[in-house]
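Colleague: Could you take me through this one? I'd like to start with the sheets and then turn to the chain contact.

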Amino acid sequence: MFETSVSWNDMLFLLQGAGTTLLITLYAVLGGTLLGVALGLARATAPWWLNAPLGAVLDVPRSVPLLIQLVLVNSFKSILGLPWSAFTVACVVLAIYTSTYCAEIVRGGILAVPATTRRAARSLGLTYRQDLIEIVFPLALRVALPSWIGLTLGVMKDTALVLWIGVVELLRSSQIIVTRVQEPLFVLSIAGAIYFAMSFPIGRLGARLERRWREND
Amino acid sequence: MIELVDVRKSFGPLEVIRGVSMTVRRGEVVSIIGGSGSGKSTLLMCINGLEAIQAGRITVDGTEVHARGTDLNRLRRRIGIVFQQWNAFPHLTVLENVMLAPRKVLGQSRAEAEAVAVAKLRHVGLGDKLQVYPSRLSGGQQQRMAIARALAMSPDYMLFDEVTSALDPQLVGEVLDTLRLLSAEGMTMIVVTHEIAFAREVSHRVAFLQSGQIHEIGPPEQVIGNPQRPETAAFLKAVL
């Protein structure tokens with residue numbers, strides 16, 4: 001018969017870690033998306049002399065491994081004496097990292113809106129702003145959503161890396177339990193199942209929105 | 001009144017409008033005919049300020065379109081334009097497509113805008129398609145929706161840019177019928193078209209444009225029936 005020394009208390013501990021994972025994901029995706037939309041809009045509309053350097057700057061967080069960014073920012077935080085917790089560092093680094101990807105997704109979505117459609121909107125007397133809000137954003141959203149869902153799921157899994165700066169999220173919680181009960185396969189399976197249970201609804205929600213839009217357009 | 005005085009327009013080194021002057025009075029239907037690349041569509045875009053001009057002057061009811069300080073968004077409320085590609089807003093229903101500008105630009109209430117939109121859509125024969133998304137419409141229906149969308153702003157002028165060129169042949173008739181209807185109602189229109197027979201039928205005057213210049217302008221019986229210039233005659237011979 002199957003026996004395990006993993007207790008209900010351990011399960012609660014895992015779920016607590018999962019809560020932290022969700023919270024970091026939420027802050028990172030929220031902050032990253034807000035910043036990413038602004039950056040993406042700038043990327044899609046700014047003149048080249050602003051666009052080129054911006055693109056180069058945004059390439060940095062995308063090109064350096066996330067783990068290095070976490071460790072570096074965490075160290076610089078201490079050197080600079082910022083009163084940030086490891087949790088805050090994790091959220092900030094992940095939000096910036098997310099925003100750079102989100103910016104490219106938003107930029108692609110905006111550029112996918114045909115110039116002729118925008119011209120039609122302007123010819124009706126809509127201002128540049130109204131055109132953006134009423135026409136460009138809704139249409140860009142339809143293009144960008146699948147990639148954005150993918151990004152969100154990716155960020156949720158990337159949160160596992162923050163255990164290196166001492167945040168006790170889902171993976172770290174499972175490691176702590178493994179150290180004690182010595183059943184790595186079982187505990188990691190549970191952790192994996194929890195990651196899946198958190199990702200699955202987000203993916204489904206995205207698929208549903210996409211289907212609804214496709215029926216119309 | 002729309003007045004063009006020696007208008008010049010270039011794309012980089014390429015001059016596409018080379019000194020065009022013409023006047024369109026209230027209630028008049030003026031067709032512009034000419035080959036591809038003659039500058040017909042560009043000329044229309046200049047009239048409502050979608051394109052800048054390099055020299056000359058365009059005035060609409062005394063407002064100089066390209067003057068500094070001209071509120072183009074305000075000007076465009078009075079000038080409707082319908083394009084070759086109908087450019088439906090795909091995320092909005094037919095009714096919402098037509099209601100959008102009156103609500104956002106003119107600040108009409110939902111009820112007001114809806115009443116106008118329904119009336120305009122019925123007018124172009126789309127009264128039974130109000131809640132449908134544009135993707136469910138044929139090209140001719142989408143083009144008529146685009147016309148209703150422009151009309152909902154109650155413009156004083158309507159510009160038509162080859163509105164039948166992208167349509168299947170069997171759908172051309174329904175769109176031309178809509179234009180006939182507007183012309184019969186006294187709408188002031190500038191119609192860029194390849195439909196020579198249609199231009200002859202509805203226009204008060206026809207302008208023949210080639211290489212960015214008006215070679216001939218006058219009543220259709222003259223320009224199409226009995227062209228005075230060899231360029232016009234050659235063009236008509238090629239397309240008729």
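**Sheets and contact**

Modeller: Chain B has an open sheet of six strands in the order 6-7-8-3-9-10, with mixed pairing. Strands here are DSSP runs of E of at least two residues, helices are runs of H or I of at least four, and both are numbered from the N terminus. Two strands pair if DSSP finds at least two bridges between them. Mind that this is a predicted model: local features need pLDDT of at least 70, side-chain atom pairs count only at pLDDT 80 or more, and totals for chains, interfaces and linings use all residues. Residues are numbered from 1 along each chain as its sequence is written, while chains are lettered from A and ligands numbered from 1 in the order in which they are written.

Colleague: Which strands stand at the edges?

Modeller: Strand 6 (79-82) and strand 10 (213-218) of chain B; each has a single partner strand, so one side of each is left without a neighbour in the sheet. From one strand to the next the twist averages 15°.

Colleague: In what sense do strand 7 and strand 8 of chain B pair?

Modeller: Parallel, over five bridges, with strand 7 at residues 157-161 and strand 8 at residues 188-192 of chain B. Phe160(B) has Val191(B) of strand 8 opposite.

Colleague: And which strands does helix 5 of chain B lie across?

Modeller: Helix 5 (residues 139-151) of chain B lies across strand 6 and strand 7, at about 170° to strand 6. Axes are lines fitted to C-alpha atoms, for helices over the stretch in contact, and angles run from 0 to 180 degrees between N-to-C directions. Contact between two residues means C-beta atoms, placed from the backbone, within 7 Å. Helix 6 (residues 169-184) of chain B lies across strand 3 (29-33), strand 7 and strand 8, at about 150° to strand 8.

Colleague: Switching to strand 1 of chain B, what does it form with strand 2?

Modeller: A hairpin with two residues between the strands; Gly12(B) in the turn has a positive phi of about 60°. Strand 1 (residues 2-11) and strand 2 (residues 14-24) of chain B run antiparallel, joined by eight bridges. Leu4(B) has Met22(B) as its bridge partner there. Strand 1 of chain B is also joined to strand 4 (residues 55-60) by five bridges, again antiparallel.

Colleague: Now the interface: how many residues does each chain put into the contact?

Modeller: Chain A gives 17 residues and chain B gives 20. On the chain A side, the largest share, six residues, comes from helix 5 of chain A.
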